[in-house]
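Please keep the sequence and the 3D view open while reading.

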Amino acid sequence: MLLLKIEFDNGPIPKTDCSSFCRNFKSKHNHMTALVLIDIQLGLQEMAFYGTERNNPMAEENCRKILLAFREKQWPVFHVKHDSTNPDSPLHPSKKGNEIHPLVEPINGEPIFAKNVNSAFIGTALETQLRAMAISELVIVGLTVEHCISTSVRMAANMGFAVVLISDATAAFDKVGVNGQMYGADLIYHTELANLKDEFAQIMDTDTFLKSL
């Protein structure tokens, strides 16, 4: 089995400029922007079920930093968790891995939506609540970038939301390709970010985003 990896100068998390989002963010009404945390659950620590490696071990900690910033400003926060229909999955409701990671544990008043597909919008009332609160911009963090994050970001953009994806508050697992090649987690991660960049989302790292607030 061929292992394909790309090295990224000792730092796999790309930094990006604020661009127009940062310039406009402070001028917007606070209620127009919401944080959506997706699938930050204990089960995604169980490496053996998902692959042989996961990049960006600081993803959950960066999710927490973004969450605390939103809480401090009393801006809207929405949690989404995955209730897998596969009884063997660490994210099945019967497993401890289904629990939300303690670093981003919801507090009173923060809605939690349970889904069983990749999109945070299918089978949930997330869109309904966002529309009811006149929210037009979403900051998205969570796991994993190649599955539920990518799907949710794409769908949010297609639904008309302006999306910011925090690059170092997500992560990827390695994947086996159609010809049996193993593609490393960093390659999967950077390819997904490249696919989402500009077409579906503004890509920013945690420090850059926090400085923009």
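The text below covers the nonpolar cores, then the cavity and pocket, then selected residues.

The model is predicted: local features need pLDDT of at least 70, side-chain atom pairs count only at pLDDT 80 or more, and totals for chains, interfaces and linings use all residues. Residues are numbered from 1 along each chain as its sequence is written, and side-chain values use heavy atoms, with hydrogens and water left out.

**Nonpolar cores**

A nonpolar core here is a set of buried Ala, Val, Leu, Ile, Met, Phe, Trp, Tyr and Cys residues joined through side-chain atoms within 4.5 Å. Buried means under 20% relative accessible area, exposed over 50%, and partly exposed in between, with a 1.4 Å probe and protein chains only. In soluble globular proteins, nonpolar side chains tend to be buried together.

The largest nonpolar core has 30 residues, and L126, L130, L138, I140, V153 and L165 have the most contacts inside it. Two or more residues each come from strand 2 (33–38), strand 3 (77–82), helix 4 (126–132), strand 5 (137–142), helix 5 (145–158), strand 6 (162–166) and helix 6 (185–196). Helix 5 gives the most to this core, with five residues. Helices (H or I, at least four residues) and strands (E, at least two) are DSSP runs, numbered from the N terminus.

Leaving aside neighbours within four places in sequence, L130 is in contact (heavy atoms within 4.5 Å) with A34, F78, F121, I135, L138 and F161. A second, separate core has 18 residues, among them V77, V104, M204 and F209.

**Cavity and pocket**

On a 1 Å grid over the protein atoms alone, a cavity is a set of points where a 1.4 Å probe fits but cannot get out; a pocket is an open set with protein on both sides within 12 Å along at least five of seven lines, and lining residues have an atom within 4 Å of a point. Grid points are joined across faces, edges and corners, and a volume is the space filled by probe spheres set on the points.

There is one cavity of 30 Å³ or more. The largest cavity holds about 30 Å³ of space, and its lining consists of L37, D39, I40, H79, V80, I100 and V104. The largest pocket holds about 230 Å³. Its lining has 14 residues, of which L44, Y50, L91, T144 and H147 are the closest to its centre. Helix 2 and helix 5 each supply at least two lining residues of the largest pocket, and helix 5 gives the most, with three.

**Selected buried residues**

| Residue | Relative accessible area |
|---|---|
| C63 | 1% |
| C148 | 7% |
| T33 | 3% |
| N56 | 8% |
| H92 | 19% |

The count of disulfides (cysteine sulfur atoms within 2.5 Å) is zero.

A polar contact is a pair of N or O atoms within 3.5 Å; within protein, one must be able to donate a hydrogen and the other to accept it, and residues adjacent in sequence count only if both atoms are side-chain atoms. T33, in strand 2, makes such a contact through its side chain with the side chain of E137 (2.8 Å).

N56 sits in the loop between helix 2 (47–50) and helix 3 (59–73). A polar atom of the N56 side chain lies 2.7 Å from the backbone oxygen of T170. The C-alpha atoms of N56 and A172 are 7.8 Å apart, although 116 residues separate them along the chain.

H92 is in the loop between strand 3 and strand 4 (112–115). The side chains of H92 and S94 make a polar contact (2.7 Å).
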